[in-house]
Each structure stands twice: as structure tokens, then as C-alpha cells.
Amino acid sequence: MRVLFVTSEVCSLAKTGGLADVSRALPIALKKQDIDVRLLLPGYPSALAQVERPRAIARLAPLLGISDATLVVGRLPTSDVPVFLIDSPSLYRREGGLYLRSDGQEWPDNALRFAFLSHVGAELAMERTCLGWQPDVVHANDWHTGLLPLLLSREGGARPKTIFTVHNMAFQGNFSPEILPAIGVPADCFLSGNIEYYGQASFLKAGLCYGDRLTTVSPTYAKEVITPEFGCGLDGLLRTRSVSFSGILNGIDDASWDPASDPYLPHLFRTGDIGGKKICKAELQREFGLPVRADAPLIGFVSRLTHQKMADVILDALPLIVERDAQFVLLGQGNPELEKDFVEAQAKYPGHVAAHIAYDEALAHRLQAGSDILLAPARYEPCGLTQLYALRYGTLPVVRRTGGLADTVVDTSAATIIDRTATGFVFDNANLISLITALDRALACYMEPLIWRRLQAQAMRQDFSWRSSAAQYAAYYNDLAGAPVPRLRYHVPSEDSALQSVRQAAS
Ligand code: ADP
Ligand code: GLC
């Protein structure tokens, strides 16, 4: 089984969030199941610098007016997974973020940058690059690769099948339909409504419409996104595709995130020998400039600072955390207003609140290891990985009952303490009262060392490795590879009259 795994970020080559973690750990797990999986992603400067044994293998024929692209092959660091990087200096070799300029604005040519990724994916998939390797299945991820299933669906005759995984319905890659000719997308895809989203052309909708199989990253999120509340306007489309759509829970890279061997930690620890965690806590307090107090519960938050992650509600919770004589450490970046507010809170509550506004992989590991409690609430959460890392590090998570958070954390109650299933604290409503009530339950358990140690041991024993989820993806690949090319073309009629007028104008 040969699989081309196409993604816009991969840990440790280029990362902004959980997609990068999954794009590393899942291919490594698939390799262990004897799948010949190879990655394709843009040749950002960080990726070109860090990929192991890079070698230019093909000059790509001009596509979409881009004529400076070379295909580089190398290895994903410390793994045996091959990586193809598209080295196009004009598209990807830039100072700034993967998606945003240094001033926080989107790159104005993002539609072209990610359309190009899909076009190169299609060239590789159809073996037009003559590498002597053709995938049976193409696995595309999130809006950045949404055009790839569309492009492959238009190939005549035999072609690799596609599986499209959506990691977050809120990020859609919506652009003006005027750009369609420049990004090589035929007008009929828009006029039929198949990629049209409120008058715009949606890369995410393209993936959801044309993927032969669709997945998302947890069973609960798969149920949520077919409702208007969570579907971000695409729930109707997902309902029409429900036979081909399911949720597969993300796993974690249990080699990189292992408190018994993590090179970033000041002291290692493991289930049954958790003493080293106390040293990690003291070092973390020191690193954040807080008083080193073993008695004060240390509450961590490592996250993008956004509305999704309820960072605004956590900010409102800070005075209550201080009132309870607990400490709070934050590692995050995102919304500039929230960044400023957290820095101000640090000045307002010295000795209790410390905020590090940055992206720092090593510190994220130390925060997970040194905290007693991790706040990981969310208004919605497709899967969430930080709560899984917390569980593995004996740091009990406080989460909201939504998406993957609901699937991975078992709330603590008298019954779940007795039957040894409790692993954290779960609340229902996305507001301050609900959050603080759950946090108070966590703090009450923290004051009972015997109960706390029992909960920690139970959390650390959970198996969130990729083994079983990778096997589910492998089963889908096998089904797809054995199936005939589907003839069905999904036509999604639109009822929005504004859209009708855009359509008329376009035609
Ligand atoms: P999302 O992808 O929605 O941001 P996840 O929980 O799936 O949420 O994944 C977040 C990933 O990004 C985790 O690996 C987490 O440790 C990491 N992360 C988030 N913010 C930071 C930060 N400021 N510094 C380092 N790592 C971070
Ligand atoms: C997205 C989601 C997050 C998920 C990650 C990896 O960033 O927001 O919930 O864990 O993708 O699938």
C-alpha cells in the first residue's frame, strides 16, 4: 500500500498547531503497519533547513505560472518516513509565518501557494513527475489541500483514491471566485455550487465535496459538525456525505511525549515513580519567575490565544485563581488583544500569574510536566492534543465536554474515582461559572494527596498511542484502493439567493 500524505505542516519541519503533530505521528505509525507512506509539503525555509538528507530530484514543469519549483526529497527527522518538499522560492521561501506575514496579515497569495501544493500533489499522484513511485491513495489534510481531491476527481481513467481529513471546520480557505482561472480550477466546479460558499470559492468545501472518503479527528466532532451549531455552514454538505464520513480519534507521538525519556525536562518521571514531577514543578516556577512553592497548585495553559480555546474566559478566571492562592502559567500566542491582557494580568498579580507570549516547543513540554492541572477548555475542539499530553504527564486536565475533549477525558466523581476511570475534570457550558466550578473540583481533589495520586496514575496509564487509529486509517486505505473509481459527482444546490446572483454574474 503506497500513500501520499499531503499536509501544510509537519512537526518538526514547520508547525503552528496540532495538524503538525498529527502529520508526523500518523505517518510514523502507518509505516509500522507496513504502509509505504510519503509526505508532501511546501518547502518553507525551516523545512528545507531541517529535513534530513535533502536531495533535489526533479525540476517541476511550469504550473500555474510558477516556473521556479524543484522537488526535494529527504527524511522526516529521526524517522524513516520520506518527505517531498516543494522548493519554490517565489511561493514558500519567505521570512514570516506559514500562513501569515510578520505583521499578522495573511499572505495575499495564499490561494496560489496552497493551490500549487495540490497541483504538485496531483502531478505526483498521477506519476507525471516520473519518480517511479505512484501512490494507491492520496491522504489530504485541511483546506490547504482541499483542491487535491477535486483535481484528481477530474482525471480520466485510473487514478489514486482520495481521503480528506478535516482538522478544523472553521478554517476554510475561502477566496474570491475571480482567482479560479489563475489557480487552475474549472469554472463549472464553482457554478455547480460544489465549491461555492456564500459567493466565495472554498478550498475546504472542495475537499469535502470531492474526497472519496472523509474523516475528522474524533468521533464526537464527527457528530457535532453535521449540525448547524458546529458545521460552520458546511453541515448540510456533510449530511449528504454521511455514508463516507466518520471520526477517527487522533493519537499522540508517545516517543516524543514521554515523561520517562523527554530530553526537554529537568527531571524524568514515570507512572509509579512520579517524584521527578516535583522537581519539574519547582523548575517551572523558577523559569516563570514565580515563588517556588510545593503547596500552591500550579495551573498551566499552553495554547493558541483564540476564541476557540476560551482564552477570554480564562483571562476572566485569573482573579478567582489568585483568590484561591493558586499559581497560573501561560505559554501562548495569538489574538494581540488577549496577548496584551495576559501580560497586564502578570503585572497585576505578581507571584501568582506568569505569561510567556511566544511559541516554544521545549517550554511546552516543561509546562506539561511541571503543572499540576492543565486548563484546556474550548468552545469547540475537533480533537485537541494538549489534554492528551497532560494525561501522559500526570497533569490533570480541566476540559469542556465537546469534540475530542469529550472523547478523551473522564470526569472525576465519587463513582469514577472508585472504579478507577476518572482522568480529569469536565464541564458543560462555555462560561466562567462552569469553568471555575470544574476548577474548584480539581483544587479540592488536589488537597487530598491520596486521591490526587490515584487520579494521576490513572491518567498516565491511558493509551492514546496511534496504534489503533492508524489501523483504522489503514483499513480505509485498503477499502479505497480496492474500490472502483466512483462515478458520483456531488452536486450541492444552493438556496441562498445572493449566491444565485453571483452565479449569474459569473456565467
Ligand atoms: P490546535 O491545533 O487547535 O492549536 P491542539 O491541542 O491539537 O490544538 O494542538 C496544539 C499543539 O500546539 C500542541 O502540540 C501544543 O503543545 C502546541 N502549542 C500550542 N501553543 C504553543 C506555544 N505557544 N508554544 C509551543 N507549543 C504550542
Ligand atoms: C486542529 C484542531 C485540533 C486538533 C488538531 C489535529 O488544529 O483545532 O483540535 O487536535 O487539528 O487534528
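A nitrogen atom of ligand 1 lies 2.8 Å from a backbone N or O atom of Ala-358, a polar contact (a pair of N or O atoms within 3.5 Å). The protein buries 93% of the 560 Å² that ligand 1 exposes when taken alone (Shrake-Rupley method, 1.4 Å probe). The model is predicted, with local features needing pLDDT of at least 70 and side-chain atom pairs pLDDT 80 or more, while totals for chains, interfaces and linings use all residues. Residues are numbered from 1 along each chain as its sequence is written, chains are lettered from A and ligands numbered from 1 in written order, and side-chain values use heavy atoms, without hydrogens and water.

Oxygen atoms of ligand 1 also take part in contacts: one is 2.7 Å from a side-chain N or O atom of Arg-304, and one is 2.9 Å from a polar side-chain atom of Lys-15. The shell around ligand 1 has 20 residues, each with a heavy atom within 4 Å. Gly-18, Asp-21, Arg-304, Ala-358 and Leu-385 come nearest. β13 gives the largest share of this shell, 3 residues (strands are DSSP runs of E, at least two residues; helices are runs of H or I, at least four). Because domain 1 (2-251 + 469-506) and domain 2 (275-460) both give residues to the shell, ligand 1 lies between them; the bounds come from an automatic or database domain assignment.

The second largest pocket holds about 450 Å³ of space. Its lining has 17 residues, and Lys-278, Ala-294, Asp-372, Tyr-446 and Trp-452 are the closest to its centre. A pocket here is an open set of points on a 1 Å grid over the protein atoms alone, where a 1.4 Å probe fits, with protein on both sides within 12 Å along at least five of seven lines; lining residues have an atom within 4 Å of a point. The volume is the space filled by probe spheres set on the points. α10 (276-287) and α18 (449-461) each supply at least two lining residues, and α10 gives the most, with 5.

Terms used. A polar contact is a pair of N or O atoms within 3.5 Å; within protein, one must be able to donate a hydrogen and the other to accept it, and residues adjacent in sequence count only if both atoms are side-chain atoms.
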